[in-house]
Amino acid sequence: MPKNILLPLFAFFLLGLMPALEPAGAADAKKYQRTIEAYAIPDVVLVNQNGTKVRLREALKSDKPVVVDFIFGTCTTICPILSVGYANLQQKLGANSPNVHLVSISIDPENDTPKVMRDYLKRYRAKPGWDFLTGSRADIDKVMYAFNAYIPNKMSHYPLTLIRSPRDGKWIRIFGLLSSSEFMNECQKAGIQ
């Protein structure tokens, strides 16, 4: 088995075991915090995994539901778990997966080149509709501040997922790790089917 697939498989395995490893009675307690937020998206131009320029404000205010997370290409802790969640969502949505825009924003723009991001997405068998974006440090910082997600050091990275429904433009802010079923449930609440 290729080495580049082992880490995502291990993360997928861990996600599957998480409910079994919880103490009795803990299954009802949420392991994450959920709030509803409104954000002012900065008008910055980022670059996707194909080297194409993307105006972030336009990409995130589309008529499709949007899911955003903050990751980096060499991460071995939280990012693989978040990315397995995206891959599972695309798989569960099947033919409807292009109707949801998944966006991963690099918190390591100094190292996350389009090639690094493209290779990262290949590891997770990303389908069309999942973009990995990077840009200048100044622009990435503006984006993180706008989402109240500033991470001064990639090694102190924390799990954050943002889901925007086009119905009302509000964002569901999820702080913490979710199981696949919790993630799917939150997406369904936002109108993602």
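Okay, let's start with helix α6, residues 180-189: what covers its buried residues includes β1 (33-37), β4, α3, β7 and β8 (171-175). Here contact means heavy atoms within 4.5 Å, and buried means under 20% relative accessible area, with exposed over 50% and partly exposed in between, using a 1.4 Å probe and protein chains only. Helices (H or I, at least four residues) and strands (E, at least two) are DSSP runs, numbered from the N terminus.

Quick caution: this is a predicted model, where local features need pLDDT of at least 70, side-chain atom pairs count only at pLDDT 80 or more, and totals for chains, interfaces and linings use all residues. Residues are numbered from 1 along each chain as its sequence is written, and side-chain values use heavy atoms, leaving out hydrogens and water.

Back to α6. The buried residues there are Glu182, Phe183, Met184, Glu186 and Cys187. After the helix comes Gly191, with a positive phi near 95°.

Now β4, residues 66-71. Why do we call this strand largely enclosed by the rest of the structure? Because six of its six residues are buried. Val66, Val68 and Phe70 point one way, while Val67, Asp69 and Ile71 point the other.

And its neighbours? Two strands pair if DSSP finds at least two bridges between them. β4 runs parallel to β5 (residues 101-106), joined by six bridges, and Asp69 has Ser104 as its bridge partner there. With β7 (residues 160-164), β4 pairs antiparallel over four bridges, and Val67 is partnered with Ile163.
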